[in-house]
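Open the model in a viewer and keep the selection panel at hand. The stops below go from helix packing to the ligand site.

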Amino acid sequence: MGDPRIVTVGRPILPDLDLMKDLMAEAVAANWLSNFGSLHNRLERQLAPMVGTGSTQLVSSGTMALMVALKLGNLTDGAEVITSPLSFAATVQAITWCGYKPVFADVDPVTLTLCPDAVRAAITPRTAAILPVHFVGVPCDVDALSQIAKDHGLWLAFDAAHAFMLELKGRPISSWGDVSAFSLHATKLMHTGEGGAVVFPGTHDPQSARMRNFGMQDGRMTGPGTNAKLSEAQAAVGLAVLPKLDVEIEQRQKLRRLYDDALQGIAGIRRHDSRPQASDSLLYYPLRMPPAVQQRVFMALAQERIFARDHFALLCGQGTYLPDAQIVTTKNTAQAPIAGPELLCLPFHGGVTAEDVARIADIIGKNSI
Ligand SMILES: *Cc1c(COP(=O)(O)O)cnc(C)c1O
């Protein structure tokens, strides 16, 4: 008997290589490798209706999308941006790289997204923006956060890196806030290898189109900007991934049902469900369990060469880049450090088989109590 097969937590949709070669040949024949070439524009047109109903601008990464989304708020240097301690590092790095100060508000222990009461409590005279995260594909309390932003005149940018094609109340998730930042990294669902998108609920401010291109207009530097352009090679990856997206989504929806059935009745674990009226995440299959069980299950799976996504480590506090940052909470004690370590995301992609699911459920069952 050989070793058990390796099951990775994710697997990128691989581009159709023939199509990608044709597309690259097109770019080479046109002598056009970046700066809004025809592949870039084609991908932007095709992706726009998938991420929103407003306008969409492709950029070179999800982190760049976050930075452009923040800079569009015209915040003053050193302004405070309220965000979640439960996210990927990029959320906080984007804030600090822009010269703003991250302020951490607590999460709701059920949804693990920013708690509106904690956000209100975190507001100071220096607060200029809120950067909530649709964490592991669960939408934030978008209505409450929109109200807070309105009441206090704050810029509201959503980190939608986990939220490609996520819908709430039948509307694309980018319908809320001033702007949303998506990631098109290979570890996400739809991707361009590296890439991202800035999405507006309505028509965009022309300044934002220029911001990704050095703040230039007609050859003149007219405003703040950087180089956040998505190249033709990145666009070729995206256009050659797109035809395979529907099949991958179908496989993930089927996998979700397989997991739901196989894990039913296992004591000590539960699904980390989305909100009512929200679509299921197409990126993660998250479970909740006591932290000690989480660690045991994670290790037991790894021993069988099955790699789950361990909980997202807190982005502030001891041992981090921001050791002194506190989590503002309205509860007796902050919920993020307690609820965060309960999370475990199972392998979730089209390559996970029914046999894998049976093995995973078996290992979880043996380690969950
Ligand atoms: C992946 C991710 C990003 C950053 O995206 P990149 O495309 O890798 O720069 C930002 N926020 C969250 C929550 C992410 O998971």
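Contact here means heavy atoms within 4.5 Å. The model is a predicted one.

**Stop 1: H1 and H8.** Select helix H1, residues 17–29, and then helix H8, residues 232–241. The axes of H1 and H8 come within 9 Å and cross at roughly 150 degrees. Angles over 145 degrees count as roughly antiparallel, so H1 is roughly antiparallel to H8. The crossing of H1 past H8 is right-handed. Now show side chains: on H1, Leu19, Met20, Leu23, Met24 and Ala27 meet Glu232, Ala233, Ala236, Val237, Leu239 and Ala240 of H8. Sorted by class, this contact of H1 with H8 has 10 nonpolar residues, no polar ones and one charged.

**Stop 2: H2 and H8.** H2 passes H8 in a left-handed crossing. From H2, the contact takes in Ser38, Leu39, His40, Arg42, Leu43 and Gln46; from H8, Glu232, Ala235, Ala236, Gly238 and Leu239. By class, five residues in the contact of H2 with H8 are nonpolar, four polar and two charged.

**Stop 3: the ligand.** Which residues are closest to the ligand? Of the 15 that surround it, the closest are Thr63, Asp159, His162, Ser183 and Lys188. Turn to the ligand's oxygen atoms. A polar side-chain atom of Ser183 is 2.7 Å from a ligand oxygen, and a polar side-chain atom of Lys188 is 3.2 Å from a ligand oxygen. At Gly62, select the backbone: a polar atom there lies 2.8 Å from an oxygen atom of the ligand.

Definitions and conventions: Residues numbered from 1 in each chain as written. Predicted model: local features only at pLDDT ≥ 70, side-chain atom pairs only at ≥ 80, totals over all residues. Heavy atoms only, no water. Axes fitted to C-alpha atoms, helices over the stretch in contact; angles between N-to-C directions. Helix = DSSP H or I, 4+ residues; strand = E, 2+ residues; numbered from the N terminus. Left-handed = near helix turned anticlockwise from the far one by under 90°. Nonpolar A, V, L, I, M, F, W, Y, C, P; charged D, E, K, R; others polar. Near = heavy atom within 4 Å. Polar contact = N/O pair within 3.5 Å; in protein donor to acceptor, adjacent residues only side chain to side chain. Parallel < 35°, antiparallel > 145°, perpendicular 65-115°, else oblique.
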